[in-house]
Amino acid sequence: MVRSASVALPNILALAALVLFTQTVFVPAPPTPTATASAVGALRGAVASSAMLAASAGAALPAFAEEIDSAEAYNRKVMTGVSVCLSLALVLMGIIIFYTRRVVENKWLN
């Protein structure tokens, strides 16, 4: 469907006038940053919170350092392998079911 010039020309002129005469076409530049007391205070708060996080993580590290016996490690590996294989099998079954339904909808088998 082709628009006539009598409809398109006024729209183009109105758009051009809007762009030329509107002062808020462009976003103003952000203000220049200045180092204020609030910014320095926020930085000090971040340093303090990161120091507290490091101290709390240091206290929790011995809990992660306990020894894992070989049977537990083997069981974890087996469970990881089984879960990966089952998820891949489910994806493959989904793909097979999807394309089978598509072929049957097209009545390709009839």
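## Burial and surface

Of the 110 residues in the chain, 0% are buried. Please keep in mind while reading that this is a predicted model. The accessible surface of the chain comes to about 10,400 Å², and carbon and sulfur atoms account for 72% of that area.

Part of this surface is a nonpolar patch formed by Y74, V78, V82 and L86. Y74 sits in helix 3, which covers residues 70-105. Is Y74 buried or exposed? Its relative accessible area is 55%, and because the cut-off for exposed is over 50%, Y74 counts as exposed.

## Fold and confidence

The secondary structure is quick to describe: the chain has three helices and zero strands. Read from the N terminus, the order of elements is α-α-α.

How confident is the predictor? The chain has an average pLDDT of 76, with 65% of the residues scoring at least 70. Confidence is lowest in helix 2 (residues 37-64), where the mean is 64, and highest in helix 3, where the mean is 92.

## Helix 3 in detail

Helix 3 is made of 36 residues. From its first C-alpha to its last it reaches 53 Å, close to the 52 Å expected at 1.5 Å a residue. After helix 3 comes K107, which has a positive phi, near 55°.

## A salt bridge

How many salt bridges does a search of the whole structure find? The search finds one, and it links E72 with R76. The closest N and O atoms of this pair are 3.5 Å apart, which falls within the 4 Å cut-off. As a general point, side chains of opposite charge can pair when their charged atoms come close.

Where do the two partners lie along the helix? E72 and R76 are four residues apart in helix 3, so about one helical turn separates them. As for accessibility, E72 is partly exposed at 34%. R76 is partly exposed too, with a relative accessible area of 46%.

## An aromatic pair

The count of aromatic pairs comes to one. The partners are F98 and Y99, whose ring centres lie 5.1 Å apart. Their planes meet at 80°, so the pair is edge-to-face, given that angles over 60 degrees fall in that class. In general, two numbers describe a pair of aromatic rings: the distance of the centres and the angle of the planes.

F98 has 44% relative accessibility and counts as partly exposed. Y99 is likewise partly exposed, with a relative accessible area of 45%.

Notes
Residues numbered from 1 in each chain as written. Heavy atoms only, no water. Helix = DSSP H or I, 4+ residues; strand = E, 2+ residues; numbered from the N terminus. Buried < 20%, exposed > 50% of the residue type's maximum accessible area, 1.4 Å probe, protein only. Areas by Shrake-Rupley, 256 points an atom, 1.4 Å probe, with all protein chains shown as cover. Patch = residues over 30% accessible without salt bridge, like charges linked within 9 Å, V, L, I, M, F, W, Y side chains within 5 Å. Salt bridge = Lys/Arg side-chain N within 4 Å of Asp/Glu carboxyl O. Expected span 1.5 Å × (residues − 1). Phe/Tyr/Trp six-rings, centres within 6.5 Å; stacked < 30°, edge-to-face > 60°. pLDDT = per-residue confidence, 0-100.
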